[in-house]
Amino acid sequence: MAILVDKTTKVITHGITGKAGSFHTKQCLEYGTQFVGGVVPGKGGTKSEHGLPVFNNAFDAVKATGATCSMIFVPPGGAVDATMEAAAAGIKLIVLITEGVPTMDMVRCKKYLNDAGVTLIGPNCPGIITPGQAKIGIMPGYIHKPANGTTKNIGLISRSGTLTYEAVWQCTTRNIAQTTCVGIGGDPVKGLNFIELLGMFEKDPQTHAIIMIGEIGGTDEEAAADFIKKNVKKPVVSFIAGRTAPPGRRMGHAGAIISGGQGTAESKIAALKSAGIHVADSPADIGAKVATVLGMA
Amino acid sequence: MKVHEYQARQLLQAAGAAVPRFEVIDSADQAASAYQKIGGGQVVVKAQVHAGGRGKAGYVVLCNNPKDVEENSRRMLANPMVSKQTGSQGVQVRKILIAPAVEIDKEYYVGMVLDRARSAPVVMVSKEGGVEIEEVAAKNPDAIIKEWMHPHLGLQDFQLRKLTNALGLEGDHAKAAAKIMSALAKIFIEKDCSLAEINPLVLTKAANGKPGEILAIDAKFNFDDNALFRHADIQAMFDPTEENPHEIRAQKFNLSYIALDGNIGCLVNGAGLAMSTMDIIKLHGGEPANFLDVGGSVTPEGAVEAFRIILSDPKVKGILVNIFGGIAKCDVIAEALIHAAKEVGFKVPVVVRLEGTNVDRARQLLAEAKIPQITTATDLTDAAKKVCAAV
């Protein structure tokens with residue numbers, strides 16, 4: 001079991017002939033993900049360097065391939081348009097990798113997707129991986145350990161990219177496998193958030209514990225703490241980045257900013273601790289904390 | 001991106017809001033003529049800097065004659081403003097705004113931000129104008145009334161009526177306030193703001209048989225950096241003198257750099273990992289000198305520039321390099337490290353922690369280069385302890 005994606009998921013890449021889109025499609029194919037085509041306006045009827053069919057639009061691509069998932073590498077100015085096109089064409093899960101999407105574009109796009117009943121991951125995210133089955137994103141595949149009937153497994157939700165790789169690697173080196181890892185992205189307005197994914201991992205029988213990696217900015221971690229208190233029985237290990245971040249400054253991610261006294265690491269950590277969540281004080285201790293809650297240490 | 005108050009007033013005016021007359025000068029010699037242009041009488045003289053705390057610092061003053069305006073302008077332009085928000089060195093004032101002083105009857109707050117939890121812009125108003133809205137939010141949250149904008153339909157007239165009602169405004173005053181709020185929302189949406197604020201919006205005192213007027217006295221706009229590419233007019237308002245020169249230099253190489261007060265320089269890939277690296281330095285008793293995310297697709301030139309920027313900060317007594325190679329490859333960073341050591345020269349210890357893509361080749365490169373200042377670390381904790389011990 002896993003959540004959202006597995007080896008049967010059929011994926012197309014928006015922007016498959018661009019530098020990043022082409023490179024990462026190749027990496028995902030090598031990992032074993034079922035990519036079935038790509039979309040590039042004006043290049044319909046050609047083949048990508050991977051030998052995949054290229055379509056002019058998402059409608060043609062879905063009709064010809066039966067794809068249900070789209071990985072989007074379109075630059076910021078057109079990313080939201082590509083996302084809405086994918087939704088209109090019947091794609092059910094959209095992974096929007098693009099960094100730098102204007103916030104107001106996302107405000108409009110999110111409402112559009114919600115009305116259409118389409119699930120979005122991102123933007124400004126590493127994507128999603130179900131180790132051993134499907135990698136739809138830019139994370140290095142080899143650091144992950146696939147879950148099976150005998151492994152102890154975590155599900156992971158994170159606002160960060162490389163910090164996620166760090167946490168995954170700490171688990172893998174301790175023989176802790178991962179069911180699915182989802183990078184929800186570093187932007188203030190995004191698709192799936194902690195709460196929806198916590199609910200999915202709570203229901204997934206193969207997931208034994210959940211890692212939740214947050215950072216300064218907004219109040220999503222506080223909302224998640226409240227949700228966990230009421231709805232999640234599985235152990236949750238968390239780390240919040242940015243304890244030393246100065247207020248009013250955007251720390252790399254568009255969403256990582258303490259503003260008007262809201263969004264501090266202290267507030268998030270206090271909320272998580274009061275909900276009984278195991279919070280790692282150091283980013284180096286995430287794996288060890290997980291091992292402890294899983295009875296492996 | 002932030003803009004100055006006079007630029008915010010220009011934007012409001014262009015959007016059809018009632019803004020008092022004003023003049024902007026950059027030399028005290030222009031003060032007297034600016035004073036005459038706005039009609040004399042009592043005026044307010046305001047230093048144009050992004051930092052807050054201007055009033056308490058003496059950089060917002062009332063003046064009654066041209067000589068007074070000129071002297072105050074000269075003082076503000078000559079002496080950096082030091083306030084709670086600026087640090088001890090203060091900030092240089094380059095422009096001064098002069099506007100007629102108004103007799104205030106009531107002050108209100110009107111602001112618009114993104115409500116992240118609802119993924120929609122929200123308009124907030126309060127009868128407690130003229131003070132920081134954060135203070136009101138902390139002490140008396142019920143005094144802030146909110147209306148959320150529909151993402152596709154925009155702010156509706158009934159919502160504007162609700163907001164002006166909540167401020168206790170009636171008749172022409174309510175209509176005038178609604179017009180200003182509508183202008184604010186228009187700017188927020190059309191120019192991709194992250195913050196749009198009028199504080200205070202005032203009702204002036206009735207005088208000589210004339211009723212009071214609704215006016216926007218001070219305005220503040222912040223813009224979404226991600227949307228600047230489609231707003232040449234806003235980009236043109238950028239004032240580089242308000243920014244840290246290292247941060248501007250870093251932007252040119254697609255590096256995300258923020259200067260801090262500590263003495264341990266950090267070079268990291270990824271924003272979350274970069275923040276965590278600062279955190280772990282602090283956890284082991286050190287103080288980070290900067291936030292620096294070199295990004296996923298860092299070039300060798302970009303990485304060398306990153307070292308140059310860190311090393312140009314005289315406070316830096318040691319450097320921690322923390323790379324988890326995913327898209328960014330460890331060997332690229334190692335090569336940049338070796339190049340920077342040759343070109344810039346390391347005068348401080350450098351602790352390097354590499355993991356991920358091409359890590360073996362990177363370790364080999366570093367071992368072969370034999371750079372005496374470089375120490376390698378086995379993991380994140382080891383790296384933090386080593387760099388903290390070295391400074």
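Modeller: Let's start with a term we will need: a pocket is an open set of grid points with protein on both sides within 12 Å along at least five of seven lines, and its lining residues have an atom within 4 Å of a point. Please keep in mind that this is a predicted model.

Biologist: Thanks! Which residues lie nearest the centre of the second largest pocket?

Modeller: This pocket has a volume of about 370 Å³. Its lining is made up of 18 residues. Those nearest its centre are Ala101(B), Val102(B), Thr204(B), Lys210(B) and Glu213(B).

Biologist: And which domains of chain B each give at least three residues to that lining?

Modeller: The domain assignment of chain B lists domain 1 (1-19 + 103-243), domain 2 (21-101) and domain 3 (245-390). For the lining of the second largest pocket, the domains that each supply at least three residues are domain 1 and domain 2 of chain B.

Biologist: How many charged residues does the lining of the second largest pocket have?

Modeller: Sorted by class, 8 of its lining residues are nonpolar and 5 are polar. The charged class, which takes in Asp, Glu, Lys and Arg, has 5 residues.

Biologist: How far apart are the C-alpha centres of domain 1 and domain 3 of chain B?

Modeller: For a sense of scale, the C-alpha trace of chain B spans about 85 × 50 × 40 Å along its principal axes. Between the C-alpha centres of domain 1 and domain 3 of that chain, the distance is 42 Å.

Biologist: What is the make-up of the lining of the largest cavity by class?

Modeller: Pro126(A), Met139(A) and Leu156(A) are among the residues that line this cavity. Taken by class, the lining comes to 7 nonpolar, 4 polar and no charged residues.

Biologist: How many disulfides are there over all chains?

Modeller: A disulfide needs two cysteine sulfur atoms within 2.5 Å. Take Cys109(A), which is buried at 0% relative accessibility: the nearest cysteine sulfur belongs to Cys125(A) and is 13 Å away. Over all chains, the count of disulfides is 0.

Biologist: Why do the buried residues of α9(B) line one face of the helix?

Modeller: Helix α9 of chain B covers residues 245-252, and its buried residues are Glu247(B), Ile248(B) and Ala250(B). On the other side of α9(B), Pro245(B) and Lys252(B) are exposed. Looking down the axis of α9(B), the buried residues line one face because they fall within an arc of 160°.

Biologist: Is Ser256(B) buried, partly exposed or exposed?

Modeller: Ser256(B) sits in strand β11 (residues 256-259) of chain B. Buried would mean under 20% relative accessible area, and exposed over 50%. With a relative accessibility of 23%, Ser256(B) is therefore partly exposed.

Biologist: Last one: what share of the residues of chain B count as buried?

Modeller: Chain B has 14 helices and 16 strands. Cys63(B), at a relative accessible area of 0%, is one of its buried residues. Of the 391 residues of chain B, the buried share is 54%.

Notes
Residues numbered from 1 in each chain as written. Chains lettered and ligands numbered in written order. Predicted model: local features only at pLDDT ≥ 70, side-chain atom pairs only at ≥ 80, totals over all residues. Heavy atoms only, no water. 1 Å grid on protein atoms, 1.4 Å probe; cavity = no way out; pocket = protein on both sides within 12 Å on 5 of 7 lines; lining within 4 Å. Domains from an automatic or database assignment. Points joined across faces, edges and corners; volume = space filled by probe spheres on them. Buried < 20%, exposed > 50% of the residue type's maximum accessible area, 1.4 Å probe, protein only. Helix = DSSP H or I, 4+ residues; strand = E, 2+ residues; numbered from the N terminus. Arc of directions from axis to C-beta.
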